[in-house]
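Open the model in your viewer and keep the sequence panel beside it.

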Amino acid sequence: MALDDIYKEVILDHYKNPRNKRELPGAELRCTRNNPLCGDEITVFAHVEDGTVREVTFQGAGCSISQSSASMMTQAVTGQGVEGALALAEDFRGMMAGEAEPDEERFGDLVALKGVVKYPIRIKCAVLAWDVLQEALAGTGEATGTQAHAIS
Amino acid sequence: MLDVDAIRRDFPILEREFDGKPLVYLDSAATSQKPNAVIDAEAEFYRRHNANAHRGIYTLGEEATEAYEGAREKIARFFGTGDPSRLVFTRGTTESVNLVAHGWARPTLHEGDEILLTEMEHHSNIVPWQLVSQATGATLRYIGLTDDGLLDLSNLGELLTERTKIFGVTAMSNALGTIPPLRQLIDAAHAVGATVVVDAAQAAPHLTQDVDALDADFFAFSGHKMLGPTASGGLIAKREHLDRMQPMFGGGDMIREVFHDSATWNDVPYRFEAGTMQVAQQVGLAAAVDYLEALGMNEVRAHEVEITRYAIDRLLEAGATVFGPKDTDIRGGAVSFWYKDVHPHDLATILNEDGVAIRAGHHCAQLVMRRFGTPATARASFYVYNTTGEVDTLVSSLAKAGDIFAF
């Protein structure tokens with residue numbers, strides 16, 4: 001294993017200079033989830049119109065992998081049809097499960113996260129933002145993920 | 001002074017290397033490593049004495065029972081009581097606290113009663129009480145924390161009142177290292193008639209614990225953090241509490257007689273030990289107690305103080321933020337920190353490349369994380385086999401993380 005596999009420049013860049021990291025006023029879709037093991041948290045805001053993801057932003061706190069994945073995700077799905085965004089989420093999972101090679105053109109910067117596959121415990125960091133996106137696009141709205149099952 | 005070189009030779013796992021780097025195990029607050037004496041004691045039980053305890057009429061069964069009950073006597077004495085019937089064997093602190101919560105507190109508490117905890121409790125001394133609160137209507141209250149990671153006792157008089165029926169408190173924080181003034185708190189709780197549940201998971205491996213000197217009502221500990229096998233540990237309680245406590249599990253060995261509609265209970269502590277217990281593991285824990293007693297608990301503590309002092313100094317020097325008290329008189333060897341702006345997860349991954357094993361996360365203490373406004377910390381924790389040289393490896397590996405994440 002080499003740290004270069006995981007801490008690629010593009011990952012560090014998205015971590016230090018996250019894209020679309022802000023609240024999206026008026027977003028009709030919004031979802032927050034955390035990783036109960038480590039406390040990483042991500043909120044995804046999405047504005048969908050005529051079946052197209054017009055704008056996606058995120059807020060959150062966590063490690064470089066979870067936050068850079070969220071940043072890259074917002075870029076990758078903006079402008080896509082909802083179906084296409086969900087398909088990309090599935091394909092991203094496939095890459096993180098080590099089951100599929102990424103289509104470099106569709107994945108763009110996301111290809112950089114492939115190295116995380118060698119660090120099994122960190123895979124869930126990379127996938128967190130995509131869980132939240134899928135839930136947000138499913139229209140479950142204010143769902144707060146794991147917190148929903150916690151003791152009030 | 002501990003002979004750490006000699007001690008290290010007793011722990012076979014410390015010979016492991018990862019990509020040519022020797023293991024630097026700094027996560028003993030999560031679970032300690034095991035010396036040969038413990039591994040051998042457990043293996044020897046299986047090789048020579050294995051049978052179900054309290055059941056066989058044959059010689060082997062008697063040997064198994066003797067080993068199990070001998071472990072109970074030894075472990076009870078280690079924690080300051082000559083009455084082994086006050087020690088209920090459990091899988092560890094979590095099961096022990098749950099046993100008190102469900103077996104003792106649920107039948108006892110009512111609406112209007114209060115359960116007082118502290119914000120530095122591990123989730124295992126919080127969530128069972130939330131379940132009790134839901135079931136009984138009792139209210140949860142918390143002693144807050146100061147910026148230094150001490151209990152904020154300035155309003156203790158308002159929090160600890162005659163309404164307080166249970167006071168749950170850790171003897172050493174797993175997230176901050178803090179050692180609260182336990183005896184003083186227990187006396188204050190008793191003065192208002194509260195029953196005290198001490199979480200000794202972190203303290204038991206490092207500090208002499210005497211349940212009677214503490215006057216603890218319930219005292220929960222884990223064997224696996226004090227050189228013993230996983231699933232070893234127990235609950236020590238005052239006899240009158242055990243006599244009133246309801247069993248949490250029904251099954252074999254915990255009964256005296258079973259009828260169609262009901263059953264009568266076996267004696268304390270057996271009524272709380274349903275089914276086949278973790279016999280070999282508790283026998284292994286007795287060997288761990290022998291090992292610790294041979295080292296001397298005062299020496300164990302002195303070593304912890306020395307290495308913790310060194311680690312805190314080196315971490316601060318390196319630019320890390322250290323959570324919790326800096327005074328080693330009132331803290332144990334779990335040192336939570338942030339290094340520059342490197343997220344603890346990233347830090348743990350980078351340190352792992354150098355063979356350094358630290359914990360990163362919320363340490364099952366989210367109330368502490370929230371209090372200090374961080375989702376996670378990195379945590380290095382130390383035990384009898386750790387050296388200051390390993391602290392040096394940790395610190396130089398941190399510098400590498402700093403380089404990768406140089407902002």
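Select Asp215(B), in the loop between α8 (211-214) and β9 (218-222) of chain B. Helices (H or I, at least four residues) and strands (E, at least two) are DSSP runs, numbered from the N terminus. Phi of Asp215(B) is near 65°, a positive value in a residue other than glycine. Asp215(B) is partly exposed, with 15 other C-beta atoms within 10 Å. The cut-offs: a residue is buried if 20 or more other C-beta atoms lie within 10 Å of its own, exposed if 12 or fewer, and partly exposed in between, with C-beta atoms placed from the backbone.

Before moving on, note that this is a predicted model: local features need pLDDT of at least 70, side-chain atom pairs count only at pLDDT 80 or more, and totals for chains, interfaces and linings use all residues. Residues are numbered from 1 along each chain as its sequence is written, while chains are lettered from A and ligands numbered from 1 in the order in which they are written.

Go to Asp19(B), in the loop between β1 (17-18) and β2 (21-22) of chain B. Its phi is near 50°, again positive in a residue other than glycine. Asp19(B) counts as exposed because it has 10 C-beta neighbours inside 10 Å.

Next, pick Val268(B) and Pro269(B). The peptide bond joining Val268(B) and Pro269(B) is cis, with omega about 5°. Pro269(B) sits in the loop between β12 (263-265) and α10 (279-295) of chain B.

**A buried threonine**

Select Thr93(B), in helix α4 (residues 93-108) of chain B. Is Thr93(B) buried or exposed? With 28 C-beta neighbours inside 10 Å, Thr93(B) counts as buried. Now show its contacts; two residues are in contact if their C-beta atoms, placed from the backbone, lie within 7 Å. Leaving out residues up to four places away in sequence, Thr93(B) touches Ser124(B), Asp199(B), Ala201(B), Ala220(B), Phe221(B), Ser222(B) and Gly233(B). Draw a distance to Asn125(B) too: the C-alpha atoms of Thr93(B) and Asn125(B) are separated by 8.8 Å, and these residues are 32 apart along the chain.

**Helix α14 of chain B**

Select residues 388-404 of chain B, which form helix α14. At 1.5 Å a residue, its 17 residues should span 24 Å, and the end C-alpha atoms are 25 Å apart, which agrees. The expected span is 1.5 Å times one less than the number of residues.

Colour the buried residues of α14(B): Glu390(B), Val391(B), Leu394(B), Ser397(B), Leu398(B) and Ala401(B). Look down the axis of α14(B): these residues fall within an arc of 125°, so they line one face of the helix. The arc is that of the directions from the helix axis to the C-beta atoms. An α-helix has 3.6 residues a turn, so residues three or four places apart point the same way. On the other side of α14(B), Gly389(B), Ala399(B) and Asp403(B) are exposed. The cover over the buried residues of α14(B) includes α11 (297-317), β14 (334-339) and α12 (344-352) of chain B.

**The domains of chain B**

Colour chain B by domain: domain 1 (4-27 + 297-404) and domain 2 (40-293). These bounds come from an automatic or database domain assignment. The centres of domain 1 and domain 2 of chain B, over C-alpha atoms, are 28 Å apart. At their boundary, 21 residues of domain 1 of chain B are in contact with 23 residues of domain 2 of chain B. α11(B) gives the most to the domain 1 side, with four residues.

**Where the chains meet**

Show both chains. Here 15 residues of chain B are in contact with 18 residues of chain A. On the chain B side, the largest share, four residues, comes from α12(B).

**Zoom out**

Chain B has 14 helices and 17 strands. Of its 407 residues, 51% are buried.

Finish on chain A, with six helices and three strands. Along the sequence, chain A follows the pattern α-α-β-β-β-α-α-α-α. Buried residues make up 43% of the 152 residues of chain A.
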